[in-house]
Amino acid sequence: MAVMTVLTTQNPINIVQITDTHLYGKSAGTLLKMNTRETLGHVLNLVIEDESDIDLVLATGDITQDASDEAYNNFLEAISNLDAPFRWIPGNHDNAAVMDRIAEGTDAGEKVVQINNWNIILLDTSILGQVHGKLSATELEFLESSLQAADIDASIDHCLVCLHHNPVPGSAGWMKDIGLQNGPKFFEVVKKFEKVRCVLYGHIHQELDFIHQDVRCLCSPSTCIQFKPKVMNFSLDKVNPGYRTLKLFADGKVESKVVRVPGSTFEADYNSPGY
Ligand SMILES: [Fe+2]
């Protein structure tokens, strides 16, 4: 598998993850009464204030809520304010074909990036029109061949694997059927290789940092609404939107933190039974 982009930069590598932006084509578009374009603006302003020398921005799906060209263009316009390279992958609210068309001629849809001695692998888990996700046979084969290539490449010591859907079931009862359907298969492939240090995802709109099958798993808050963990029925969490930083060290260490927009809680329909 040919790596398309190889970057050499500082140690540690500075990554910013932005996830579940849920943008609409119309600027007035709201998700459970939250204007997703405005909240993304707050999050990106915070990134600009707090982060410097960003090597790569990872946008891990649900880029848009309505999968319109306008919404993707709104995202591109907003993310350009960070003045850093970015890669995106689709989520359940996206349309992968529309994203591919819009990203044509750019690096946005590139699936492997090598930065120093790290490989960043980006997977598509979306199934058009479905909330849950699945790695297709092709995508599983891509994951396996990418990890195999990394394994025998002396210039790569560590891998970060990114996807939209949670490969480990969420802790809320209503989340039972919305995650990655073939999560166990995903870990079966990941576990065959020794260079995977971290798995990064979004989809369940909350902050998580835990070990699953000896692999560190990080889930991150949306830039709009947040889902409450450990509840049976759908419930919004009254915590503010945010982003995640990852510092990838040459020795394989990963330092990561979530940064949320400060101040009073954003308005949303906190009593909604679903979204
Ligand atoms: Fe989402």
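Predicted model: local features only at pLDDT ≥ 70, side-chain atom pairs only at ≥ 80, totals over all residues.
**View 1. The largest nonpolar core has 72 residues.** Those with the most contacts inside this core are I18, F75, W88, L123, L143 and F186. A nonpolar core here is a set of buried Ala, Val, Leu, Ile, Met, Phe, Trp, Tyr and Cys residues joined through side-chain atoms within 4.5 Å. Buried means under 20% relative accessible area, exposed over 50%, and partly exposed in between (1.4 Å probe, protein chains only). Residues are numbered from 1 along each chain as its sequence is written, and side-chain values use heavy atoms, leaving out hydrogens and water.

**View 2. L143 touches I121, L123, V161, F186, V189 and V190.** That list does not count residues up to four places away in sequence. Contact means heavy atoms within 4.5 Å.

**View 3. Helix α5 spans residues 183-190.** Its buried residues are G183, F186, F187, V189 and V190. They cover an arc of only 155° around the axis, so they sit on the same side of α5. The arc is that of the directions from the helix axis to the C-beta atoms. Their cover includes α4 (137-152), β9 (158-162), β10 (196-201), β11 (208-212) and β12. Helices (H or I, at least four residues) and strands (E, at least two) are DSSP runs, numbered from the N terminus.

**View 4. D20 (OD), H22 (NE2), D62 (OD) and H205 (NE2) are the protein donors of the iron ion.** They lie 2.1 to 2.3 Å from the ion. Donors are N, O and S atoms within 2.8 Å of the metal (3.2 Å for Na, K and Ca); water is not among the atoms, so sites may look incomplete. The spacing in sequence is D-x1-H-x39-D-x142-H. H22 is in the loop between β2 (13-18) and β3 (30-31), and D62 is in the loop between β5 (56-60) and α2 (69-79), so this pair ties together parts 40 residues apart in sequence. H22 is buried, at a relative accessible area of 0%. D62 is buried too, with a relative accessible area of 0%.

**View 5. S235 is in the loop between β12 (215-219) and β13 (242-248).** S235 counts as buried because its relative accessibility is 18%. Leaving aside residues up to four places away in sequence, S235 touches W174, Q226, F227 and K228.
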